[in-house]
Amino acid sequence: MAPKLSNSGKEKLIDDDEEVLQAVILADSFNKRFRPLTARKPRCLLPICNAPLLDWTFESLALAGVQEIFVICRSHADQIKAAISESKWSKPGSGIKIVPILTAKETFSPGDAMRDIYTRGLVTSDFVLVMGDLVSNIRIDEVVRVHKERRKANKDAIMTMVVKESGAMHRTKARGDSSVFVIDPNTSECLYYEPVTAYPPTTLAHVPREILGAHPELEIRNDLIDCSIDVCSVEVPSLFQDNFDYLDIRRDFVHGVLTSDLLMKNIHCYVAKEGYAARVKDTRSYESVSKDILSRWVFPLVPDDNHPSGHIYEHERGNKYIAKDQTVILARTCKIGNNTMIGSSTQISENTEIVASVIGRNCAIGNGTVIHNSYVFDGTKIGSDCVIERSIIGAGVSIRDNSVVQRGSLIADGVIIGPSASLRPYERLSKKRDPEESFSSEDEDSDLEDVETLPDSHKTLGNDSNAIVWPIGPSEDAEEDDIATFKNERFMRLGDNASDLDVSDDGSESSSSESDSEDGSDSDTDSGSLTAPSDISLPLNLPAGSPMAESEFQAEVRQSLERAFAEGHSIDNAAVELKTLRMASNVPLTRVREAVVGAIVEKIQIVDGGPIAQRKEISNVVSRWGGLIDRIGGVDPIETVSALQSHCATSKRLPLFGQILAALYQDDIVDEDDIRKWHRLPMAKGEGANAKDDVLENIKKCWAIGAHMIKQFDEQESEEDSDDDDDDDDDEDEDAGTGGNAMKREESESGEEESSEEEDSAPSKRKGDDAAQSANTGKPDVSGASGKDAVSESPEESGETEDESSEETSEGEQSNKVSPAQLVRKPLQAIPDPMKETSARP
């Protein structure tokens, strides 16, 4: 009997260690940001890169080793159940048990869904809570392990939130719905949480004073992407049951628990350093996540390997994905740009151009049609000579000849428009209801009835059109919270930069710079902003070196460098990606250097703290990223200076040209001879430059600054030569005396020759010593306006006037005698401001 008891105890221990990892997916979105696309289907079944969002979420949980998933759904539950039953996850051997749960009709918020979970008693241990629009490759199992270890020591640690580090301008970071996290860096405990809106702009975080007093060290972070992945203890649903005011998981539950004096519960953050995780919670993030998938940021979940729907794609150069079943028909004259996916059984006609877009299966695109940055679902037919720009087109849509769909438009399934239809920006269309079509209240399609009663809903969009037009502006009677206001949701709308809204924040440099970047990215789709996705891509048959090819490459390089800056890549990794882009686009190395130099210059912030602070900012950026300039495939410092001049002449960083050039000089990226050779180039003087008058004037200002630096080089070389001559004269006098004595002692011819050789060799030896000594000093000092403060001599010794001597003394007291070996490199201190000093001209 004893062995049996021992074995049963062992089995119990194994069961405890290997308990089933459960996950709960909230399939409902609980908002209307995708309407009318979600009027007849749930958001979690909308395709992204030709696979339903729910399948991407299943894949993300499968990577983490989740074994049992409860899908909580209210709206369109029948469609969700059917999709699950038809997916690969329902087949034997999938390794995951998926249970769809239909919640009560009164479930209108995530809090209501959590209360329903508690009522049903679905979860029995710690579980993973996610939304049905998650795309992630983060190993959630590691988060679960950390959470359980923490729970062993602290039973009040009820939740661990997964957040991802990102740059302030990361395209996946929502401006309209972000957060401030106050975190204890030692324990990762989240001490305070506050939601942040873009409009009205949130400028202050209100951290309770007692938190600041109780914790000597805090991190207040607004650079985190909330992945909406939570590892929860089994008691979390009961807390929702105890407080019916908890509606939203973050704004109500997390904020309420952290500010409650009664609950005494702890919530922690898991800051993911690696991996990818993002929610498709609005049309803007739909575009961002789509481009991230096509750019392979979600590896191993990539279209050509682990596509969630089981489709097989061939990955081609430039991140083009073509269905591999040989059913895609591409006309010879069609142009397929980078970051594009084309599903199976799709036909692309002559002279069609598709750039940075996703085309579903069984689609047909007519002759001469242009599709840029758009997403076309399965079974859609688009006629000839149509233009579709930055829009989402539903399944089974028919867009007939000569129609125009402008940016931000959403067209729901089954809509017919055209011919010659023209949609305004941000237009939303859905199909008219059939007479026999009816909806139950649980499907929340009363909006369709309301829209059809509007006077402008039946706008003429073609003779055979079946479309109704949804209102673009805010709803008059809608009850909205801060996040859901129309002006704030504009920042979450596809193609809308909200440039007409005042969102400036004088107290935050990052906020203003981000606003400038957003304004530049969305207002002009050809700008290739660092924060926006690439809007122009290289077609397959476009000749290398063409303007479009170079423009596309510049945009791709800016995106790559922005990711490197935001995520702190190494120089080697950033260089490898740039080399890959160059080979894919087949552009000259000069274009790569220009793009890298321009990105580094724009990385430098304009500091208001005076010249010292500005020089420090320049030095930090150049020392961190300057080495990338020479790691992209070739070293050409003269070309580097020319690229710096060209960029500064058209940039707000023009006043920093001299300081940046000095920083490049100090970091050995360019040398004195390189600056001199650049300065002698006719183009450096603006000769033959095909530029506007103001740009030409700026080029000449940069040339004048170069002349000032060369003058400093000349003056310091003159001082060094003077020091060398004085030392050599003294050495020659000593050697001459020694040689004379030797001649007196030796009267023979051989003695005279030896003495003569000694006279010749002694000065040359000392000159060699001086040269070696000078070589150890580094570069001549170009720190002052005249460059003389490194060596202090009397006016008689240096040949200076009394005025020059007094001027040198006023610049800084030095020791009376400084050897050349004491010269050190110093940052440039008095480079003239090109906006003020323009006297030196070529």
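Predicted model: local features only at pLDDT ≥ 70, side-chain atom pairs only at ≥ 80, totals over all residues.
Which residues in H17 meet which residues in H18?

1. **Contact of H17 with H18.** On the H17 side, the residues involved are Thr 640, Val 641, Leu 644, Gln 645 and Cys 648, and they meet Phe 657, Ile 660, Leu 661 and Leu 664 of H18. Sorted by class, this contact comprises 7 nonpolar and 2 polar residues, with no charged residues.

2. **Geometry of H17 and H18.** Two packed helices are described by the angle between their axes and the distance between the axes. Helix H17 covers residues 637-648 and helix H18 covers residues 657-666; their axes cross at roughly 160° and come within 11 Å. Angles over 145 degrees count as roughly antiparallel, and H17 and H18 are therefore roughly antiparallel to each other. The crossing in which H17 passes H18 is right-handed.

3. **Geometry of H15 and H17.** H17 also packs with helix H15 (residues 589-603), at an angle of about 55° and with the axes 9 Å apart. The two helices, H15 and H17, are therefore oblique to each other. Their crossing is right-handed.

4. **Contact of H15 with H17.** From H15, the residues Thr 590, Arg 593, Glu 594, Val 597, Gly 598, Val 601 and Glu 602 take part, meeting Glu 639, Thr 640, Ala 643, Leu 644, His 647 and Cys 648 of H17. By class, the contact of H15 with H17 has 5 nonpolar, 4 polar and 4 charged residues. Thr 640, Leu 644 and Cys 648 of H17 meet residues of H15, and these three H17 residues also meet residues of H18.

5. **Salt bridge of Asp 226 with Arg 250.** Side chains of opposite charge can pair when their charged atoms come close. Over the whole structure, a search finds 36 salt bridges. One of them joins Asp 226 to Arg 250, with the closest N and O atoms 2.6 Å apart. Asp 226 belongs to strand S10 (residues 224-232) and Arg 250 to helix H8 (residues 249-259), so this pair ties together parts that are 24 residues apart in sequence. Asp 226 and Arg 250 are both buried.

6. **Salt bridge of Arg 250 with Asp 230.** Arg 250 also forms a salt bridge with Asp 230, at 2.6 Å from N to O. Here, too, distant parts of the chain are linked, with Arg 250 in helix H8 and Asp 230 in strand S10, 20 residues apart. The relative accessible area of Arg 250 is 8%, and this residue is therefore buried. Asp 230, at 2% relative accessibility, likewise counts as buried.

7. Glu 219 counts as partly exposed because its relative accessibility is 31%. Arg 221, by contrast, counts as buried, at 14% relative accessibility.

8. **Surroundings of Ser 228.** Ser 228 is located in strand S10. Its relative accessible area is 15%, so Ser 228 is buried. With neighbours within four places in sequence left aside, Ser 228 is in contact with Leu 129, Val 130, Met 131, Val 162, Arg 250 and Arg 279. Arg 250, one of these contacts, is the partner of Asp 226 in a salt bridge and of Asp 230 in another.

Methods: Residues numbered from 1 in each chain as written. Heavy atoms only, no water. Axes fitted to C-alpha atoms, helices over the stretch in contact; angles between N-to-C directions. Helix = DSSP H or I, 4+ residues; strand = E, 2+ residues; numbered from the N terminus. Parallel < 35°, antiparallel > 145°, perpendicular 65-115°, else oblique. Left-handed = near helix turned anticlockwise from the far one by under 90°. Contact = heavy atoms within 4.5 Å. Nonpolar A, V, L, I, M, F, W, Y, C, P; charged D, E, K, R; others polar. Salt bridge = Lys/Arg side-chain N within 4 Å of Asp/Glu carboxyl O. Buried < 20%, exposed > 50% of the residue type's maximum accessible area, 1.4 Å probe, protein only.
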